[in-house]
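Let's take a friendly tour of a protein model. Have a look at the sequence and the 3D view first, then read on.

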Amino acid sequence: MSKPKVAFFDFTSCEGCQLAILNLEVELLELLDIIDIVEFREAMSEKSETYDIAVIEGSFSREKDRRRLEKIRETAGVVIAMGACAHIGGINSLRNNQTRDEVQRIVYPDNPTLYETNKKALPISAAIKVDAFVPGCPVNVGEFVKVVKNLVLGKAPGLPTYPVCVECKMNENTCVYEYGKTCLGPIVRAGCNAVCTSNGGVCIGCRGLIPNPNLNSQKDIMEKYGLNMNLIMDSMNLFMTEENKAKEV
Amino acid sequence: MTTLLNKQTTKDGVFDGLERALGDYKIAALTKREGKILFDYVKDVKDIEQEYTPTVLSPKKFFFPQEEVILEYTFDGKVTAKTNPEKIILFGVRPCDISGIKILDEAFSESHGDPNYLSKRENSIIIGIDCKSICDEDAFCYKVNSQYPESGFDIMLHDIGNDYSMTIISDKGEIFAENYFNPDMVNYTALAKFNIEKKEAFDKLGGPWEDLDNLPEIFEENTNHKIWETEAERCLSCGSCIMVCPTCYCFDVVDELALSMKVGDRLRRWDACMLRSFAEVAGGENFREEVENRVKHRINRKFNYLMKKHNQSVCVGCGRCVRACLADISPVTIVEELTKTSRALKIETKNNDLYLPEKVTITKVEKFTEDEKFFEVEFDSGRSLGHDPGQFVQLSILGIGEAAISISSPPSFGDRFEMVVRAVGDVTNKLKSLEEGDHLFVRGPFGHGFDAKIQKEMEGKHILYIAGGIGYVPLRSLINLSLKHPEKYEKLSILYGCKTPSARMFKNELEYISEMKNNVEIFETVDRPEDKWLQHCGVITELIPMIDFNPDNTLAIICGPPVMYKYVIQTLKEQKLSTKNMFVSLERRMKCGVGKCGHCQIDDIYVCQTGPVFRFSDIEDKEEAL
């Protein structure tokens, strides 16, 4: 089996997912037994005109990025959206409920038109076809390795479609609602091993919605636990603005 | 269990005994970890919590862990079954959870005993602590009578003040008590007093549901009750209720290959029928897509389907799912809304090889269509499969996974057997690239096929084989068997429908059958004709009226894609064929093949055990069948 060539690219993002991959250290070396990394701006200066798998971090938020995304799509056999920004729009899409003018004036009050930007920050699937994704902010690197391994083996990516509650219960956590906190665990895709709720936090939805979430019931529950509708929507929109919009249609 | 005796010891005697036992056993008990109360291994008996607080998970996790390796393999084909039993003492289990363990003992012992569960149980000693009241307002053990378990433990301790009375029901319990607890004669008066007080306390709460024994019938009658819809509206399908349940035992099986790609594990993990993907087959059909059906299934398993099997409520009323549900869905509400309108088991690991696959070599490969490929294989050990037509095997590729695949060759085919595989999932996609000489792994045969009794029934009858698309593949085993001796039947009519002529399976054999004379006939149809197609075009039901048959002496045998059955059966009924004279072969997702993992369940039956071949009259009233 010849090793597939893998290239990493970044768009509107903090580049934290790529950093997380570099942090793999030992496993990264093992990963190099099954793939060749031919382009990775954060780690090496070489670039490559050809690659089999493109791993893309960041959301699509500038029209001028469209051509670059299309070029990647034309070159790669498989495109993986890595991390919340590329997968669902992520934190960047928080601004999608405001107008472009408002957003530009808030961010750059002295020179609002300094940078070109689209009206919305969108997942990269808004510009090109995506074959697989690795959710999370940042990605769970174990899951990243698993997706790459499965693709190399010719398997489906194998991500769970069930919610965080499953993993949280397997970890035998007391439900954070019992402590009076609210949590998006029941509607958000597992695969993170419930890392936030197992370490004193709550799920804030960075991995995106499960395929068929019961949003009405989730809102009713958050309301019962004391949040008003604005707070509920703020919480649900932190990472999932675009996914929630898609559900409204 | 041969023993039933009562002894007594001091409370200090029990804890001193446990302290000494720590050298010989691992002890799991109620303890505190990072602020939470749970059952976990303790290093010091001082860490054992004496006051009971309900835990998130039940102690079933010690015998059926969240995730465990059932098979280890190397990529060059060395396979080793794993069971990992350890000598443990499980201390301080409450009656509800003991009742839960009793149910799991029965479920995992039944038919093919599950070696992974049973070997852990065999090596454990369970010491219960009896309850004299409910632990909190969510618990409802007394409504389902689970507070009086008769088995599922070795020693039960009853708190009579400074001492514990002990009820010992097993030899290993007796030996352990003798060695570690320094037992004395029991004070029967004190034990009787405890039992009376316990009974009075639970009776005061209202006692068991009046209709407890009739719940299966009541659930049967209420499949369309409005409560299913109202509960489903709030249900998040988050799976929490299942994760925390002491009697849920469904699981998933996945292959995980190390990054080296040279060695790997086959793991089983808790799975949950409340999750949307649970009943989804590789082709994408989902047999329990609606939340309402999943809620109904989960609750029916407790009070109907499995209750009939275990002769007791399979919900033990521990209250964990009630505590875990953010949407306030409770079995109590459902049962009470619907009702408006113990035997000991010997735990014994019978076979260690249930999950151990055997190596086969591919002896012949033929590409049928773009997605479908024919394989002939033989066991490296030389054994023959020994199957009935309609049975299936669990076929696996190490590192990729396992899939249930129908056997396509007739039984008397020598030591080889044949399959046709459509590339729809991980395993079947990988199979596409395999060639003659490559190796695969097989478990089975499994399921109930066209056994000797059905084959006998077919004799002298007019047999209508009705196959749609890849449904011809499992039927071929029976078709080819009957074609060897057509004179045994009044007539053999084969009806076969495909999307296009090029999607037809076994084209040469179809040709051969069409040239057979006398009482064998074949009619084919396609949805979309291509060049040179001279036969019928249209759906398969259009072929049925073309056959001249006497409904009193005819058996129809049907296999095809899920959507086909309803229409074919409807047409046959119009032709006056009784559903007693129809057999169907159904497809479901299957992970174990032996009625444990839960994926293939239709209402109260497991397709992998009772099916995949069914007489249609046996399942026509099952809502989930078609």
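**The briefing**

Going along its sequence, chain A shows the pattern β-α-α-β-β-α-β-α-α-β-α-α-α-α. With a radius of gyration of 19 Å, close to the 18 Å that the globule rule gives for 249 residues, chain A is therefore as compact as a globular protein of that length. Keep in mind that this is a predicted model.

- Chain A holds nine helices and five strands.
- Its C-alpha trace spans about 55 × 50 × 30 Å along the principal axes of chain A.
- Of the contacts in chain A between residues at least 6 apart in sequence, 72% link residues at least 24 apart.

**Chain A: inside and surface**

- Of the 249 residues in chain A, 52% are buried.
- Chain A has an accessible surface of about 11400 Å², and carbon and sulfur atoms account for 53% of that area.
- The side chains of chain A include 28 positive and 32 negative ones, and the centres of these two sets lie 4 Å apart.

**A sheet in chain B**

- In chain B, seven strands make an open sheet with mixed pairing, in the order β21-β20-β19-β18-β22-β23-β26.
- The edges of this sheet are β21 (536-537) and β26 (613-615) of chain B; each has a single partner strand, so one side of each is left without a neighbour in the sheet.
- Strand β20 (residues 520-526) of chain B runs parallel to β21(B), and two bridges join them.
- Which residue is the bridge partner of V526(B) in β21(B)? That partner is C537(B).

Technical notes: Residues are numbered from 1 along each chain as its sequence is written. Chains are lettered from A and ligands numbered from 1 in the order in which they are written. This is a predicted model: local features need pLDDT of at least 70, side-chain atom pairs count only at pLDDT 80 or more; totals for chains, interfaces and linings use all residues. Side-chain values use heavy atoms; hydrogens and water are left out. Helices (H or I, at least four residues) and strands (E, at least two) are DSSP runs, numbered from the N terminus. The radius of gyration is taken over C-alpha atoms; the globule rule is 2.2 Å times the number of residues to the power 0.38. Buried means under 20% relative accessible area, exposed over 50%, partly exposed in between (1.4 Å probe, protein chains only). Contact means heavy atoms within 4.5 Å. Accessible areas come from the Shrake-Rupley method with a 1.4 Å probe; for residues, only the protein chains shown count as cover. Lys and Arg count as positive and Asp and Glu as negative; His and the chain ends are not counted. The place of a charge is taken as NZ of Lys, CZ of Arg, CG of Asp or CD of Glu. Two strands pair if DSSP finds at least two bridges between them.
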